[in-house]
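I opened my notebook to keep track of what I looked up today. Come and read along with me.

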Amino acid sequence: MLQIQENVSLKNFNSFGIDARARFFVEINKKDELVELFMDPQWQQMPHLILGGGSNMLLLNDYDGLVIRINIRGIEHRISKDDVYVEAGAGEVWNDLVNFCVAREYAGLENLSLIPGSVGASPIQNIGAYGVELKDVFYSCNAFELATGTFKTFTKADCKFEYRESVFKNELKGQYIIVSVKFHLSMIPNFNLKYGAIEQELQNRGITSPTLKDVSQVVSHIRVSKLPDPSTIGNAGSFFKNPIITADEFARVQASFPDVVNYPAGDGLVKLAAGWLIEQCGWKGKVAGNTGTWKNQALVLVNHGGATGAEVYNFSSQIIDSVYTKFGVTLQREVNIIS
Ligand code: FAD
Ligand code: EPU
């Protein structure tokens with residue numbers, strides 16, 4: 001029997017630590033509970049918010065609807081020669097899955113160590129870090145379709161993964177709840193150490209032939225040195241995406257700012273480091289009321305305590321305006337804004 005709670009604080013359910021409340025709140029532990037929930041017209045017709053770990057959202061207000069927290073657990077794994085297929089429930093903690101695979105020497109997830117949040121949210125923005133994106137290891141996912149009450153499997157092609165984008169953030173936004181994700185991993189490591197800091201840190205540790213565990217530990221170490229821990233200071237990681245611009249736009253920016261940090265983004269496009277743009281506008285480490293940017297990473301907005309969602313949002317608008325004024329480049333928010 002589903003337990004629907006009323007007037008629930010979401011403070012401990014979002015990594016920004018925003019003190020908002022949900023009018024109704026339910027936890028889903030089995031996929032069939034979704035069928036039961038959506039058979040009831042009361043819940044079917046009410047606005048709803050799907051919640052994993054709450055580490056990529058900014059709550060602007062109390063949520064006047066039903067918050068559905070996905071807590072479907074379980075990890076299954078199958079080895080076929082050198083290939084490994086791992087299927088995890090959407091409610092598994094992402095980093096627990098990474099540790100599960102690294103411990104068994106299943107290769108592929110190690111560069112994605114210590115990303116907060118749930119397995120079920122990983123396809124939503126095609127999570128990525130240290131030269132690897134979810135799409136590189138994704139096989140398929142199973143999702144509940146709200147309109148029909150049925151389950152559907154999505155292949156990699158169906159998901160239309162791009163940098164911090166997928167079909168679930170765009171044309172199918174709000175239409176599906178992911179209940180499990182299947183990964184295609186390998187028994188043969190294919191190390192991706194091209195992110196300079198990884199090689200440097202391996203060298204510092206005197207490691208010349210790294211194991212998956214070494215890479216996982218090094219990535220975790222680098223992350224901890226740069227990013228604030230949400231359990232002590234509220235944040236949702238990078239608040240904006242790194243902007244991708246055309247070669248012509250890039251030539252214009254580079255003519256005035258020769259040091260602009262940039263990476264090739266394919267098809268002649270160029271990705272700029274948003275953290276650099278924001279730092280150049282003088283925002284790094286800035287405190288503005290209860291919010292601000294992180295002292296070691298200007299791309300991360302933080303809650304110094306007691307910030308409201310609106311305060312963080314308005315601050316992010318000031319950053320967008322100043323980056324546009326200085327560079328003529330428009331930053332887009334990466335974090336999901338919930339109103
Ligand atoms: P939530 O915040 O709960 O939800 C995010 C969005 O997905 C919402 O729109 C929600 O409605 C939807 N959603 C959640 N679960 C489901 C589901 N089962 N079905 C359908 N929709 C769903 N991200 C990166 O890509 N790379 C990083 O390196 C990275 N570093 C981070 C570092 C820190 C310190 C923090 C706080 C965040 C970081 N993030 C990073 C962002 C975040 O970890 C990821 O976006 C993560 O996938 C969010 O998972 P979640 O379960 O917390 O999602
Ligand atoms: N930089 C600055 N000042 C800053 C921050 C960064 O000048 O305050 C410049 C530096 O030159 C640095 C470069 O920007 O070398 C890149 O910085 P970093 O390596 O920290 O990566 P990022 O581009 O800021 C992205 C992801 C992170 C991911 C890291 C590692 C986005 C929006 N962010 O950050 O993802 O962990 O790379 O791969 O793509 C997230 O999505 O929440 C997130 C944390």
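**Ground rules.** I am working with a predicted model, where local features need pLDDT of at least 70, side-chain atom pairs count only at pLDDT 80 or more, and totals for chains, interfaces and linings use all residues. Residues are numbered from 1 along each chain as its sequence is written, chains are lettered from A and ligands numbered from 1 in the order in which they are written, and side-chain values use heavy atoms, with hydrogens and water left out.

**Ligand 1.** I looked up what surrounds ligand 1 and found 32 residues, where a residue counts if one of its heavy atoms lies within 4 Å. The closest are Ile50, Gly53, Ser55, Ser118 and Arg223. I then checked polar contacts (pairs of N or O atoms within 3.5 Å). Ser118 has a polar side-chain atom 2.6 Å from an oxygen atom of ligand 1. Gly53 places a backbone N or O atom 2.7 Å from an oxygen atom of the ligand, and Gly52 has a backbone N or O atom at 2.7 Å from a ligand oxygen atom too. The protein covers 93% of the 980 Å² of accessible area that ligand 1 has on its own; such areas come from the Shrake-Rupley method with a 1.4 Å probe, and for residues only the protein chains shown count as cover.

**Strands by the ligand.** Strand 3 (48-51), strand 8 (128-129), strand 12 and strand 13 (234-238) each give at least two residues to the shell around ligand 1. Strands (E, at least two residues) and helices (H or I, at least four) are DSSP runs, numbered from the N terminus.

**Helix 3.** Is helix 3 mostly covered or mostly open? I found that seven of the 10 residues in helix 3 (residues 94-103) are buried, meaning under 20% relative accessible area, with exposed over 50% and partly exposed in between (1.4 Å probe, protein chains only). Trp94, Phe100 and Cys101 are among them. Their cover includes strand 6, strand 7 (83-89), strand 12 (176-186) and helix 6 (212-226). Just after helix 3, Glu105 takes a positive phi of about 60 degrees.

**Gln125.** I found Gln125 in the loop between helix 3 and strand 8. Gln125 counts as buried because its relative accessible area is 11%. Its contacts (heavy atoms within 4.5 Å) include Asn56, Arg164 and Glu334, leaving out residues up to four places away in sequence.

**Ile79.** Ile79 sits in strand 6 (residues 75-80). Its relative accessible area is 47%, so I noted Ile79 as partly exposed.

Methods:
A polar contact is a pair of N or O atoms within 3.5 Å; within protein, one must be able to donate a hydrogen and the other to accept it, and residues adjacent in sequence count only if both atoms are side-chain atoms.
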